[in-house]
Amino acid sequence: MKILADKHIPFIEKAIEGLGETVIKHGSDMSPSDFKDIDAYLGRSVRKLGAEELTGSRVQFTSTASVGTDHADTDYLESQGIAFASAAGCNAVSVADYVTAAILNLACRRGFSLKGKSIGIIGAGNVGSRAAKRCEGLGMDVVLNDPPLKRTTGEEKYRPIHEMLGCDFISFHTPLIRSGIDKTLHYFNADFASKIRPGAVLINTSRGAVADTQAVIKALDSGRLSDAVIDVWEGEPKISAPLLEKAFIATPHIAGHAIEAKIRAMRMVVNAMCEHFQIPKRVDEKDFLPPPEVEKIEIGKSGSVECRLNEAVKNIYNIEKDDSSLRKILSMQHPQRPDFFDSLRKNYPVRRELSTVKQVVCPKEIEPLCKAVFPPAE
Ligand SMILES: NC(=O)C1=CN([C@@H]2O[C@H](COP(=O)(O)OP(=O)(O)OC[C@H]3O[C@@H](n4cnc5c(N)ncnc54)[C@H](O)[C@@H]3O)[C@@H](O)[C@H]2O)C=CC1
Ligand SMILES: O=C(O)C(=O)[C@H](O)COP(=O)(O)O
C-alpha cells in the first residue's frame, strides 16, 4: 500500500509506520502527479482535493484531518466510489477556547463587562454548542441559530436569524456552503450588516468566505461593527491587508490548532484509513500527547473580572501573540505574504487546551465564571 500524507499532521510518520510505502509532503507542495499511484491520502484543509488531483489515480481512501470539508469535492469522490473521511468534532474544544480567549481579551481591553451582553451563535454544532456554553457561563445571553438542527430536532432553542440581529456579538460556526437553502457563502454581507445592532462585534472562526471581506471592512468603517475578531480569511493564504489592519484580533486560521485537536484529528483519519483497508492497527492519541505544561493558575483578586480571567487564560493560550505574529505580514512585500501566512500555520507552536490546567485557584465569588473558562476535560 502507498500512502500520501501531509507533513503537518502531527506525528503522522510515526502513526503510519509499517503500513506500507509513505510519501510525506506539505499539502501546498503536492502536485497532481503525487496522487497518481497512491492507495490512500491523509490530507489537510490547505490542499484542494478533486478531479484535478484524482483523475487516473488508483486511490481508494482519502481524508482530511479537519472538520471543514469545503476544500474537497465530495460529490466527485462519491461519484468515483472513493472513500472520504474527515475529523468531525476534533477541534471543537480548541475553537471554543479561542472564542473564550477572544471575548475576554476584547472585553478587558475595551473595558466592558460581559454580564448581560448578548451573543448570537450561528451554527450550533460541535463548536457553536461549546462556545455557547462558555458564553452562558460568563453571564452572557446566548441566542442559537441553526436551521438544519431546527429542522431535524424541532427544538425551540434554535431561533430564527432575525432574533439574533440585535445581539452585541455575532459569532459564525457554520460550514462554508456555496448554494442551497443553507447557503453560508457571504452570509455576512452588506444586507446582513445593515440589519445588525449598530456597534456589534463580529467573530468569524468558520471559513473566510462566510463573510464578504468588503462588507466587513465597510461595516467597521461605518461603525456598524465596533470590532471584528477574524481567524479565517477569504482567499487564504492571500489575505486582505485592510481587514487585518481594522480587525481587533486577527489570527492565521489557528483557532482549532491546539495540539490535542491536531492529535485527535490525526487519530481519527489514521484509524478510518486502517478500518477502510481492514488493517487491525489503531492509534491512540494518549501515546502522542505531551504532558500538560501548566499545573496551577491563580486568578488575581484585583481588576475587572474580564481582565483577571483574560490574564489567567494567557497563562495557557495568549491570543495576543497569534495576533501580533500575523500583523508582521503588513511590513512584508505582497508576494511574500501568502508564504508567511502559511508558515505561521505550519510552524504553529504547541498550544494546549484550557482544560489541561490541573488546578485553577479562583476567588469564591467568581467560581462559576472560572469553571466556564476552564471547563473539565471532555
Ligand atoms: N478556524 C478553525 O480553526 C476551525 C474552523 N472550523 C469551521 O467551523 C465550522 C463548524 O465546525 P463544527 O462546529 O465542528 O461543525 P459541525 O458540523 O459540528 O457544526 C456546524 C453546524 O452548522 C449548522 N449549519 C449549517 N448551515 C447553517 C446555516 N446556514 N445557518 C446556521 N447553521 C448552519 C449545522 O447544522 C451544524 O449544526 C466547520 O465547518 C469549519 O468550517 C472548524 C474547526 C476549526
Ligand atoms: O478543522 C477545520 O475545519 C479547520 O479549520 C482546521 O483548523 C484546519 O486545519 P488544517 O487542515 O489547516 O490543519
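Author: A disulfide is a pair of cysteine sulfur atoms within 2.5 Å. Keep that cut-off in mind.

Reader: What makes Cys108 and Cys307 a disulfide?

Author: Their sulfurs are 2.1 Å apart. The limit is 2.5 Å, so the pair qualifies. It links distant parts of the chain: Cys108 sits in helix α4 (residues 92-110) and Cys307 in helix α11 (residues 305-314), 199 residues apart. Helices here are DSSP runs of H or I with at least four residues, strands are runs of E with at least two, and both are numbered from the N terminus.

Reader: Before we go on, where do these values come from?

Author: This is a predicted model, in which local features need pLDDT of at least 70 and side-chain atom pairs pLDDT 80 or more, while totals for chains, interfaces and linings use all residues. Residues are numbered from 1 along each chain as its sequence is written, chains are lettered from A and ligands numbered from 1 in the order written, and side-chain values use heavy atoms, without hydrogens or water.

Reader: Which hand does the link of Cys108 and Cys307 have?

Author: It is right-handed, with 100 degrees about the S-S bond.

Reader: Why is Cys108 called buried, and what is Cys307 called?

Author: Buried means under 20% relative accessible area, exposed means over 50%, and partly exposed lies in between (1.4 Å probe, protein chains only). Cys108 has 17%, so it is buried. Cys307 has 22%, so it counts as partly exposed.

Reader: How many disulfides does a search of the whole structure find?

Author: Two. The other joins Cys362 to Cys370, with an S to S distance of 2.0 Å. That link is right-handed too, with 70 degrees about the S-S bond. Cys362 counts as buried at 15%, and Cys370 is buried at 4%. Counting bonded cysteines along the chain, the pattern is 1-2, 3-4.

Reader: How do you know that Cys135 is too far for a bond?

Author: The closest cysteine sulfur is in Cys167, 11 Å away. Cys135 is buried at 2%, and Cys274 is buried at 0%.

Reader: Why is Lys246 called partly exposed?

Author: Its relative accessible area is 34%. Lys246 lies in helix α9 (residues 241-246).

Reader: Which residues does Lys246 touch?

Author: Leaving out residues up to four places away in sequence, Lys246 touches Ile217, Leu220 and Asp221. Contact means heavy atoms within 4.5 Å.

Reader: What makes the side chains of Lys246 and Asp221 a polar contact?

Author: A polar contact is a pair of N or O atoms within 3.5 Å; within protein, one must be able to donate a hydrogen and the other to accept it, and residues adjacent in sequence count only if both atoms are side-chain atoms. The distance here is 3.0 Å. That is within 3.5 Å, so the pair passes on distance.

Reader: How do you know that the protein agrees with a compact globule?

Author: By its radius of gyration, taken over C-alpha atoms; the globule rule is 2.2 Å times the number of residues to the power 0.38. For 378 residues the rule gives a value near 21 Å, and the protein has 21 Å, so the two agree. Buried residues make up 53% of the 378. The protein has 14 helices and 13 strands.
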